[in-house]
Amino acid sequence: MSDTLLEIDRLSVDYETARGDLRALRDISFDVRKGEIVGIVGESGCGKSTLISSILRLTAPNTRFRQGEVRFKGEDLLQLPERRMRALRGADISIVFQDPMQTHNPVLSIGQQMLDIQHRSKASRAEKRARAAQMLGAVGIPDPEARLDQFPHEFSGGMRQRIAIAMALMSEPDLLIADEPTTALDATLEVQIIERLQELQREFNCAILFISHHLGVIAELCDRVVVMYAGAVVESGDVREIFHDPKHPYTRRLIDCDPGHIKERARVLPTIPGEVPDLANLPGGCIFRDRCNQAMPRCAAEVPPLTQLKNGHHAACWLNHKEAAE
Amino acid sequence: MSLLDVKDLRTSYGQVNVLAGVSFTVEPGETYALVGESGSGKTTVIRAIAGLAPAQEGSVKFEGREIRGASEREMRPLRKDIAMMFQDPVGSLSPRLTIRSLITEPYRIQGMKDRDLDAEAKRLLEMVNLPAHFADRYPYQLSGGQARRVGVARALALEPKLILADEPTAGLDVSVQGELLNLMNDLRERLGLAMVIITHNLNVVRHVADRMGIMYLGRLVEEGTTEAIFKHPRHPYTRCLLSANPEPDPDARLERIALKGEPPSLLRRPKGCEFRERCPFAQEVCSQTPQWEIENGHGLRCLAPLG
């Protein structure tokens with residue numbers, strides 16, 4: 001078998017709503033290799049959350065999978081019986097959510113929650129407790145043995161997020177999905193979490209799918225990046241290629257907007273005027289066309305395909321097609 | 001005379017002294033940023049200024065007049081001059097009111113019956129670059145960025161002299177964050193507004209603030225012009241905060257200064273310098289308590305400042 005762990009292959013997902021079908025994901029393709037950190041960047045409404053819930057198959061009742069496959073170790077998750085899927089979640093694929101304040105059960109001690117999630121293990125209670133303490137130590141919680149008996153409210157936000165990471169890694173998953181795990185935290189804690197994730201990734205050798213809208217965090221942590229806009233992948237590739245030589249106007253302008261690299265006080269900060277198109281009533285052609293300052297007649301006529309430009313660097317823009325640029 | 005003069009402001013909730021003496025001034029037309037980690041007391045400072053949080057000691061002077069401990073009745077006319085922008089853009093708008101009612105509510109509260117509310121709503125929406133037909137919408141029909149603009153419009157309704165903005169860009173996408181900051185910069189210049197902005201996003205501070213104060217455990221530890229602080233941070237805590245800012249460049253190798261642990265509990269304030277236990281530059285002298293010292297307009301509370 002190849003070293004590919006997760007393959008998203010032409011995935012399209014709709015939500016059925018009163019206004020008609022909302023086309024939340026369209027033709028999404030990318031893969032995650034073993035032991036690799038892949039970042040997904042995109043703004044509100046780009047489909048990041050739908051993508052995660054589709055991978056885990058934790059979708060709302062009005063979700064319709066229109067086409068495509070989510071292959072994990074070669075097996076299409078969308079076809080698995082629910083029983084098998086349950087066995088996968090939390091064991092082979094685990095997740096860290098955005099809000100550390102709401103991740104834990106407030107009425108159970110941290111230790112109890114860490115014992116509960118080992119329900120599949122045949123180890124004794126004492127062994128499970130030792131394992132829980134060891135994991136807390138691994139994410140840098142001081143005095144882990146004693147703190148197992150404390151409740152979530154006795155920990156700070158940064159600690160709770162680290163506990164969530166410890167719990168997600170306890171089963172030594174092959175894939176960890178991190179959904180904006182640092183958004184709710186201060187910059188200083190954000191850095192602590194990123195550095196901790198990097199260390200743990202090396203130690204456990206799991207792959208990480210890291211979702212964020214913070215470009216600085218993505219640049220620091222990830223090996224490869226997938227850029228999403230309005231339910232589609234517009235560009236993907238090696239993190240250096242994406243940040244130093246973006247091939248889609250959206251990626252380029254998103255990076256320009258980040259005030260982190262504007263070192264002098266700017267009178268006017270760059271923005272991307274306009275709004276994301278209505279996904280229930282999609283315009284024809286390229287979805288970014290209305291906000292793009294390089295749009296051409298062809299962009300209105302045809303949807304640009306996600307094409308490989310060079311090794312592993314893909315972009316969906318007509319500007320990269322020679323014949324169109326003329 | 002400063003527009004706002006906060007002196008030795010102290011707030012305790014029971015045993016927990018959240019603000020342990022905060023002093024700063026804001027001049028007319030100036031933007032002042034308060035920066036610090038969660039729990040450093042930033043939000044309590046501006047809530048105390050607006051009379052929304054208690055402050056047992058110290059003084060808050062607005063245009064020379066003491067307003068700390070003012071009753072709601074005394075505060076009400078002042079709310080024309082001091083407007084507040086709250087942190088959660090959608091949560092701060094009543095879901096059952098239209099945008100028109102929301103942004104013209106200040107006129108009703110102040111009993112300004114002579115105003116044409118439709119015309120005012122139109123004028124305010126135009127000011128924050130929203131189309132006039134948004135007046136008939138409800139908060140749930142707005143995006144996060146649009147809700148923020150409504151928050152700005154409402155804050156501007158009574159033509160205040162001072163805006164207190166709590167994390168004005170939290171939760172916004174970068175493309176929209178720029179729009180909001182440009183709008184605030186523009187309004188400030190056109191209307192001569194002064195602002196106090198609270199944020200932990202240092203990238204934002206650099207572009208909007210004239211001066212900034214860095215808070216730790218309910219006290220200022222450094223204060224100066226934004227330029228000076230970004231160029232030459234003197235307090236190790238400031239330096240740590242600045243270096244914790246991830247850069248949108250995979251090849252940027254930051255000289256990151258690791259901040260040890262997390263802020264100590266306010267119930268067990270450390271002796272001596274309160275930052276000492278986490279400080280990578282701590283020295284023996286730091287077991288003594290540092291005093292607030294001002295040199296060339298740059299304030300500092302540190303016994304072993306960086307060069």
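A salt bridge is a side-chain nitrogen of Lys or Arg within 4 Å of a carboxyl oxygen of Asp or Glu. Asp251(B) and Arg240(A) form one, with their closest N and O atoms 2.5 Å apart. The model is predicted. This briefing covers how chain B meets chain A.

**Size of the interface**
- The size of an interface is often given as the accessible area lost when the parts come together.
- Here, chain B and chain A bury about 3500 Å² between them.
- Carbon and sulfur atoms account for 47% of that area.
- Three residues, His207(B), Pro248(B) and Glu262(B), supply 19% of the area that chain B buries against chain A, more than any other three residues.
- The contact involves 46 residues of chain A and 34 residues of chain B.

**Polar links across the interface**
- Chain B and chain A share five salt bridges.
- The pair Asp251(B) and Arg240(A) is a salt bridge.
- Between the two chains, 17 residue pairs are in polar contact.

**The chain B side**
- Helix H6 (174–191) and helix H7 (202–208) of chain B are the elements that each give two or more residues to the side touching chain A.
- H6(B) gives the most, with 10 residues.
- By type, the residues on this side divide into 12 charged, 11 polar and 11 nonpolar.

**The annotated domain**
- UniProt, in an unreviewed entry, places the feature "domain: ABC transporter" at residues 4–242 of chain B.
- That span is 37% helix and 26% strand.
- The end C-alpha atoms of residues 4–242 of chain B lie 27 Å apart.

Conventions: Residues numbered from 1 in each chain as written. Chains lettered and ligands numbered in written order. Predicted model: local features only at pLDDT ≥ 70, side-chain atom pairs only at ≥ 80, totals over all residues. Heavy atoms only, no water. Contact = heavy atoms within 4.5 Å. Buried area = accessible area lost by both parts, 1.4 Å probe. Polar contact = N/O pair within 3.5 Å; in protein donor to acceptor, adjacent residues only side chain to side chain. Helix = DSSP H or I, 4+ residues; strand = E, 2+ residues; numbered from the N terminus. Nonpolar A, V, L, I, M, F, W, Y, C, P; charged D, E, K, R; others polar. UniProt positions renumbered as here; feature names shortened; annotations may be inferred.
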